[in-house]
Structure formats: C-alpha cells, structure tokens
Amino acid sequence: MVTFFVAFVILLFGYFIYAKVVEKYFVVNPNFVTPVHTKADGVDYVPLSDRKATLIQFISIAGTGPIFGAILGAMWGPAAFFWIVLGCVFAGATHDYVSGMLSLRQGGATLAEMVGSELGNTIKTVCRVVMVFLLMMVAAVFTMSPADILVTISPNALVEALPAGGARWFWIVLIVGYFGVATVIPINKLIAKLYPVFGVGMILLGAGMAVMLFVTGAISRVPEFSFVNPHPAGRSLWPYLFITIACGAISGFHATQSPLMARCMANETGGRNVFYRAMIFEGFLALIWAAVAMTFFYNPAAGISALEGLGMAGPPAVVVSVISFAYFGVIGGVIAVICIGIFPISTGDTALRVCRLAIADAFKMDQGPILNRFKVSIPLFIVLVSLLFIDFGILWRYFAWLNQTLAVFTLWTGAVYLAKRRSNHWICTIPAVFMTFLTQSYIMVATEGLRLPHAIGMPIGGLITIACIVAFARKCKSLSDNPLS
C-alpha cells in the first residue's frame, strides 16, 4: 500500500509542479497567433475551449491502452507502479507537451512534419512511415479490444444466432462503420460534442475503481515493491515491462493526436492543461487499473507469485469484465463494461483521422472538399480490415513497440528544438536516450524481433543509442557554431 501511495504522490508532483517546469523551458507566448486563427476551415481547424480540448485530448490518447497495458504490466508486480508514474511525469507528459506545442507553433503540423523541421527530411520520411503503420495498428487494436469487451456482455440470443466468433465480428462491423463516418466529418460535428462526455466518463470510471479499492478493503492488499520478479512466465523486467506498459507511461501515439487539438487551441497558455495534464490523467488511470488488477488476483499469504492468477484469467478484456462485475455488481458491471467498450472507439476514430491528415500533408491534398477526404480514407479502411485478421496478442506487441519507437522521434525532435533556443534540452534528451536504448534493446531480443540473446542484443541496442547521442552532440555543436538569431 505504501508503494501505491508513493506512486500517487509522484503523479501529483507532475501535475502541480513539473508541468510548470516543462512549460517554463518552452517559454509560452500568450500573444502567439495560433493556427485556428489563421487556418480556420470548419473541418479540422475549429476553435475549442481549453476544457473541451483537454477532455478530447484525454479520451483520444487513452482508450483501453492504460487499462490493457496496466493489466498486462501488473504481472511484473509493483515495479509497474514506478514505471507508470516516473515514465508519465518525466517522459510521457513531457513528450505530449512537446509534440502539442511544436505542432501549434508550426501551424498545426502533423508529427512527421515537426520531426522533419528539426531532424531533416530523411528522418521525416522514416517517421512518416512508422507513424502511418502505428496509426493503422492503433485503429485495429481499438477496433478489436472494444469488440472483445462488448462480446462479454452480448445477449445470449445474439451469440446463439451467429456462428462461432460471430458476435465479435458483429461488433467489429459496427465499430468500423462508425469509423467510416467519424473519420471524414468536421471535428465540431461529433468529436467536439460527444468526446468531452467520454472524457468525463473515463475519469469517473477510474475514480469509481479507486473508490472500490478502499470500499472493498483491497487497498490493504496492494503489494509492496521488492526485487523479486513475480512474472508468471519469468519474463525479465527489462525491456519487456517498459514496452508492455506504453499508454499510461509514455506513448508515441499521443504525438500523433496532439496536432488535432493544436489546430483548435485559441492560445498557447492552454498547452499545459491540454497536453501535459491530460497525460497525467492517463497516468492516474493506469496506476489505478494496475493496482486493481494486482489486488484482485494477489493473495498476500501466498506471496507475490499469486499474480500467476492474473496471467491465467485470460485476455485483458476478460479481466476487465471479471473485475467490473465483481466490484459493481450486475447492473454496475454492465454499465462499466459498456463504457470501457465504447470509450476506446474514440481513440480508433482519431487515429484514423490523424492518419488521413498525415497522408494529406504528404501529398498536399486539401481536406476541405469531402471527396478528397474519402480519397485518402478508403485505402486506409482497406488496410484496417486486413489487420483485423491478425491475432490480437501479436498485434498488441507490435503496436507497443512501434508506439515507443515513435516516442523516440518526438523526444529527439524536442531536444533539438530546445537546444536551438539555448533552453534546457535535458528534459527531452534524458528520456530520449532512455527510450532509444529501450526500443532498440527490445527489438533485438524480443520474439517478434531478431530474437538475439540478451548478452548480444543489449550491447547492440546500447551502440545504437550511443550513435544517436553522438549525432545529437554534433547537432548541438553545429548550433553553437551557427547561433539562432
């Protein structure tokens, strides 16, 4: 329990204190004319209040990511708490703020355009490819995961009327159909009206789970940090935990979402709430779900190894359903599961929307005419449907790695941006180094990667990280030789 409260306090520190530190180094200019004033088009550049933008940003970046990732990460025990909160405060929220503010200052640019402006056209092209792949995987993950959740409460009549697995595809077809509409209509017609409600609902659901931790007395069963690895399969902490929990700690996907709200903000001063604090909300959500998962399957008398029950409980969607019904009863459980099933659909929608914008930026296609929106969107939906035939477990692992890899691009971009302005680039550089080593180590040793032994894969990941540090140092030296006016 002490470990959980320490983690909770660290998130509060990020929300109230470190957010201001990050904002200070970006030197907010309240007189800066934001793109919503210069590019208003009634489709993607539409003015929104900071409160509404914060809630939309939160629901767009959250989905089931901080729930599923936290449940899977809980199998490593309380170490998951510290990765969630330290990653969120010093890496994830900073990463989100960097991407949002850079987009705002560059006319609402998508991530690849931001990266290109600081790291060059070659890196820009690589980033764009990684980003599109990630966004399509996000859309697939947030089609399959809500469908899997909704299946758990589908009426028996529906399940029996369809062939095996038919209920799942019933929900998938409905979700994809919704995406088809929501991806192309103006942002103020649906997203701006409905998604703030979803954002409030997600916060209330997380708060409800936190309350039940205390009401049921489960808070006393939250395990304390130890150096024993409790993972049922014995998977090492590094690098697997740090890849498994992406949303809730740090997620490159968020940098693709930030431009949506950067195009709608009336003033730079809203950046701290819209980008940094929205991520802290997600950190709280992940922390609560990790604690709930641990306490639900953890027996102090049996020791930390009792977390094996979490791995045996089935896919995360089933775990969510089991816990919801146990905590809230039949009626409350149904409501909770419906909410957890519906809310992440908004993330899949915004992922496809950003993918449309990124491709439109690359090919200089005006997205005002609806025909142009369909020209970009239809091929995306063909790819999306093909991804739905891949096993969810495999898709999640690749999604998680691409997610963290994209965060590397954003953090190095932020580091160069700050270095150019003689500001404290270390707030981006340190997490950039950490995430570079993490992602490169993982792909070297993971089953879905090169499958190298740790003794070989880790040093290779280290060498790649050192090469990035050297490239950054040279960039800084060139900046000092040619001072920015």
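**Helix packing, aromatic contacts and backbone features**

The crossing of helices H3 and H10 is left-handed. In this predicted model, helix H3 spans residues 50-62, and its axis lies 8 Å from that of H10, at an angle of about 70°. Angles of 65 to 115 degrees count as roughly perpendicular, and H3 and H10 are therefore described as roughly perpendicular to each other. On the H3 side, the contact is made by Lys52, Leu55, Ile56, Phe58 and Ile59. These residues meet a set in H10 that includes Ile191, Tyr195, Phe198, Val200, Met202 and Ile203. Also among the H10 residues in this contact are Ala192, Pro196 and Gly199. In general, an α-helix has 3.6 residues a turn, so residues three or four places apart point the same way.

The crossing of H5 past H12 is right-handed. From H5, the residues His95, Asp96, Ser99, Gly100, Ser103 and Leu104 take part in the contact. Their partners in H12 are His254, Ala255, Ser258, Pro259 and Ala262.

Helix H6, which covers residues 111-119, is mostly covered, with seven of its nine residues buried. The buried residues are Leu111, Ala112, Glu113, Met114, Val115, Gly116 and Glu118. Just after the helix, Gly120 adopts a positive phi of about 105°.

Aromatic side chains form 28 pairs in the structure. One of these pairs joins Phe8 and Phe284, whose ring centres are 5.0 Å apart and whose planes stand at 55°, so the pair is classed as tilted. Phe8 belongs to helix H1 (residues 2-26) and Phe284 to helix H13 (residues 271-297), so the pair ties together parts that are 276 residues apart in sequence. Phe8 is partly exposed, at a relative accessible area of 30%, whereas Phe284, at 15%, counts as buried.

An aromatic cluster is formed by Trp83, Trp238, Phe242, Phe434 and Phe437. Pro239 is located in the loop between helix H10 (191-215) and helix H11 (240-244).

Charged side chains were also found over aromatic rings. Arg235 lies over the face of Tyr240, at 4.3 Å from the ring centre. In the case of Arg421, the charged end sits over the ring of Tyr417, at 3.8 Å from its centre.

Lys364 has a phi near 55° and is placed in the loop between helix H16 (345-362) and helix H17 (370-387). With a relative accessible area of 71%, Lys364 is exposed. Arg451 has a phi near 60° and is located in the loop between helix H19 (426-445) and helix H20 (454-481). At 58% relative accessibility, Arg451 also counts as exposed.

Key: Residues numbered from 1 in each chain as written. Predicted model: local features only at pLDDT ≥ 70, side-chain atom pairs only at ≥ 80, totals over all residues. Heavy atoms only, no water. Phe/Tyr/Trp six-rings, centres within 6.5 Å; stacked < 30°, edge-to-face > 60°. Helix = DSSP H or I, 4+ residues; strand = E, 2+ residues; numbered from the N terminus. Buried < 20%, exposed > 50% of the residue type's maximum accessible area, 1.4 Å probe, protein only. Lys NZ or Arg CZ within 6 Å of the ring centre and 35° of its normal. Left-handed = near helix turned anticlockwise from the far one by under 90°. Contact = heavy atoms within 4.5 Å. Axes fitted to C-alpha atoms, helices over the stretch in contact; angles between N-to-C directions. Parallel < 35°, antiparallel > 145°, perpendicular 65-115°, else oblique.
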